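Dear colleague,

I am handing over the structure below, and after it I set out what was found in it. Please keep it open beside this message as you read.

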Amino acid sequence: MNSISKFSYFILALVLLYSCYTKQDLMTKDQIATQSADIIYHNGNILTMNDTQKIVEAVAISQGKIVAAGSLSDIKKLSSENTAYEDLNGHTMLPGFIDAHSHFTLGMKMIAQANLNSPPVDSIRDISDVINRLKEHQQKFQIPTGKWILGWGYDPDQLSERRHPNITELSEAFPDHPVFMIHTSFHMGVGNARALEIIGINEHTPDPPGGMIVKDFSTGLPTGLLQESAMYMMIGSMPQATPTQTATLLQLTQSYYAKHGVTTAQDGLTDSQSYEYLKAAAAQGELYIDIQALGSYREADYFLPLDDFNKDINGLRLAGMKITTDGSPQGKTAYFKNSYLTKVPGCSAQCKGFPMVKMEELESLMNECYQKEIQLYVHCNGDASIDMLLAAHDKVTTELSISSDIQRTVVIHSQFVRPDQLKKYKAYEFVPSFFTNHAFFWGDVHTINLGKERANFLSPMRSAIDMGITATNHTDYNVTPIDQMFLLWTSVMRQSRVDHIMGESERITPYEGLKALTIHSAYQHHIDDIKGSIEVGKLADFVILDADPLTVDPMDIKDINITMTIKEGKEIYRAL
């Protein structure tokens with residue numbers, strides 16, 4: 001991998017200036033009542049996300065914990081000559097955002113690759129733009145002949161050609177470099193001839209389990225498109241960052257999360273190498289936001305014997321195991337009971353997507369995790385994959401006596417869950433982590449590919465909440481930006497790119513949307529005893545906004561800015 005640009009190092013220096021933070025010993029609850037406040041926050045709109053006391057005038061913290069929340073007159077009693085007063089200047093303070101699902105270490109890697117996103121994330125509009133951006137990346141980093149050129153985030157549905165780039169186009173543009181670019185879903189990608197040659201893919205190569213090497217129906221030759229597990233044949237051959245580069249990427253990625261008010265991030269499919277790196281970084285005090293890591297089911301033999309689950313390692317916590325049962329709905333690899341309505345690459349009839357795991361593998365992993373009380377996070381987009389999960393759960397739990405609260409299985413995305421499946425979520429105390437950004441980014445695409453009925457029920461947060469289900473919401477970064485205010489807006493408005501409302505009856509209130517990003521996300525991760533709301537004894541993790549999401553025009557929620565992010569009483573981001 002090539003060196004990070006000087007500009008990135010300059011940005012890093014600025015970030016570190018505002019992010020000087022080291023972990024500290026925190027008070028026990030028994031000590032809280034005797035402590036005077038280090039800082040008192042006041043003169044703002046403080047939303048606690050605690051339903052019994054939703055708004056307070058002031059908050060006092062000491063040694064990284066909240067020691068009081070209530071009226072300013074009462075809070076002042078905790079002040080001493082050393083107490084600092086932080087004037088919020090009318091801004092809104094919330095508990096720090098807890099990321100329900102993203103890919104932290106993947107985000108680190110993407111910083112050093114070519115950004116191929118279409119508006120509003122970036123500016124790519126057609127295949128020529130894709131090729132030009134890859135050429136700019138090669139020239140900017142002076143990638144020599146024979147070395148890899150990598151890109152991420154291209155979206156065929158937003159390109160004027162409405163298709164994937166192909167092996168011929170990439171090979172003509174880059175005859176001397178291996179090139180691979182990852183689809184916006186991160187469930188597939190396209191390589192040129194040099195790239196496929198390096199990993200040994202040709203017209204005779206069989207599809208790997210849970211994946212597809214897409215081939216031209218007329219010639220039988222690879223088109224360059226590798227779906228699901230086939231993509232990992234390519235990723236394993238890609239270059240890795242040096243230790244120095246990785247350390248820089250870690251700081252840059254933390255700063256990106258902190259800029260958007262996230263004090264606890266998730267690494268949603270952690271491989272063993274990344275986990276070992278994060279452990280070493282945490283031991284060296286290099287984490288200034290907390291990270292919830294999910295061990296990859298592909299390396300279950302490495303993760304399951306570990307004694308690290310649910311232990312805080314200086315800001316890093318191995319929170320559970322992640323299983324991916326299917327693919328991407330916009331990429332048409334998500335697994336459905338009924339077929340897609342449009343042409344699917346590599347499929348000629350009854351195109352319903354496909355599962356990425358066999359039923360016996362899912363049952364085996366679930367059985368072992370449930371017995372060891374390791375929390376399961378299961379990626380399910382299509383309703384057929386959710387059927388698989390529910391059936392596996394039914395089978396495994398008939399053989400085991402398990403407390404549902406210990407279990408608290410999280411169904412990541414639950415994008416096209418059916419109403420009957422939601423009822424089972426409630427009965428099993430599953431936590432759906434929805435992805436309402438799909439309403440904006442791909443709502444119009446889903447309407448074409450799946451029909452109105454299925455498309456309008458995507459991420460049905462209203463239905464889930466009305467059933468009494470604890471639900472969260474996420475960005476799935478890098479799939480969409482980590483921007484929590486935009487995520488909140490999509491849950492409230494459910495508006496598509498072309499201003500269609502994707503299921504008006506599934507809209508939720510701003511307060512419900514904020515709970516999904518704070519206290520409910522803490523509940524999802526089993527950390528609601530120390531995070532997710534502004535209550536005495538919890539960590540002093542806060543985000544400060546320049547407007548109140550509960551009172552602004554709902555259309556303006558996406559334009560609210562983060563002015564400050566605070567982790568355990570220490571400022572880790574301040575808007576310049």
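Thr253 is buried, with a relative accessible area of 1%, where buried means under 20% relative accessible area, exposed over 50% and partly exposed in between, with a 1.4 Å probe and protein chains only. This is a predicted model, in which local features need pLDDT of at least 70 and side-chain atom pairs count only at pLDDT 80 or more, while totals for chains, interfaces and linings use all residues. Residues are numbered from 1 along each chain as its sequence is written, and side-chain values use heavy atoms, with hydrogens and water left out.

Thr253 belongs to helix α9 (residues 243-259); helices (H or I, at least four residues) and strands (E, at least two) are DSSP runs, numbered from the N terminus. Leaving aside neighbours within four places in sequence, Thr253 is in contact (heavy atoms within 4.5 Å) with Phe104, Gly107, Met108 and Ile111. Phe104 is 149 residues from Thr253 in sequence, yet the two are 7.4 Å apart in space, C-alpha to C-alpha. A polar atom of the Thr253 side chain also lies 2.7 Å from the backbone oxygen of Leu249.

Turning to the interior, a nonpolar core is a set of buried Ala, Val, Leu, Ile, Met, Phe, Trp, Tyr and Cys residues joined through side-chain atoms within 4.5 Å. The largest such core has 105 residues, of which Phe97, Phe180, Met234, Met321 and Tyr425 touch the most other members. Helix α20 (residues 484-493) gives this core its largest share, 7 residues. A second, separate core of 21 residues includes Ile124, Leu134, Ile143 and Val179. Met234, once its neighbours within four places in sequence are left aside, is in contact with residues including Trp148, Phe180 and Leu226.

There is also an open sheet of 6 strands in the order β9-β10-β11-β12-β14-β13, with mixed pairing, two strands being paired if DSSP finds at least two bridges between them. β9 (114-115) and β13 (211-215) stand at the edges with a single partner strand each, so one side of each is left without a neighbour in the sheet. Within the sheet, β11 (residues 179-183) and β12 (residues 188-191) pair in the antiparallel sense over 3 bridges, and Ile182 stands opposite Gly189 in β12.

Two further helices deserve a look. Helix α12 (residues 359-371) has 13 residues and reaches 18 Å from its first C-alpha to its last, close to the 18 Å expected at 1.5 Å a residue, the expected span being 1.5 Å times one less than the number of residues. Its buried residues are Leu362, Glu363, Leu365, Met366, Cys369 and Tyr370, and α12 is followed by Glu373, whose phi is positive, near 55°. In helix α21 (residues 510-517), 8 of the 8 residues are buried, so α21 is largely enclosed by the rest of the structure.

Finally, some backbone details may be worth checking on screen. The peptide bond from Pro119 to Pro120 is cis, with omega near 5°, and Pro120 sits in the loop between β9 and α5. Another cis peptide bond joins Tyr477 and Asn478, with omega about 20°, and Asn478 is in the loop between β22 (472-473) and α20. Glu568 has a positive phi of about 50° although it is not a glycine; its place is in the loop between β24 (562-567) and β25 (570-574), and at 6% relative accessibility Glu568 counts as buried.

With best wishes

Conventions
A polar contact is a pair of N or O atoms within 3.5 Å; within protein, one must be able to donate a hydrogen and the other to accept it, and residues adjacent in sequence count only if both atoms are side-chain atoms.
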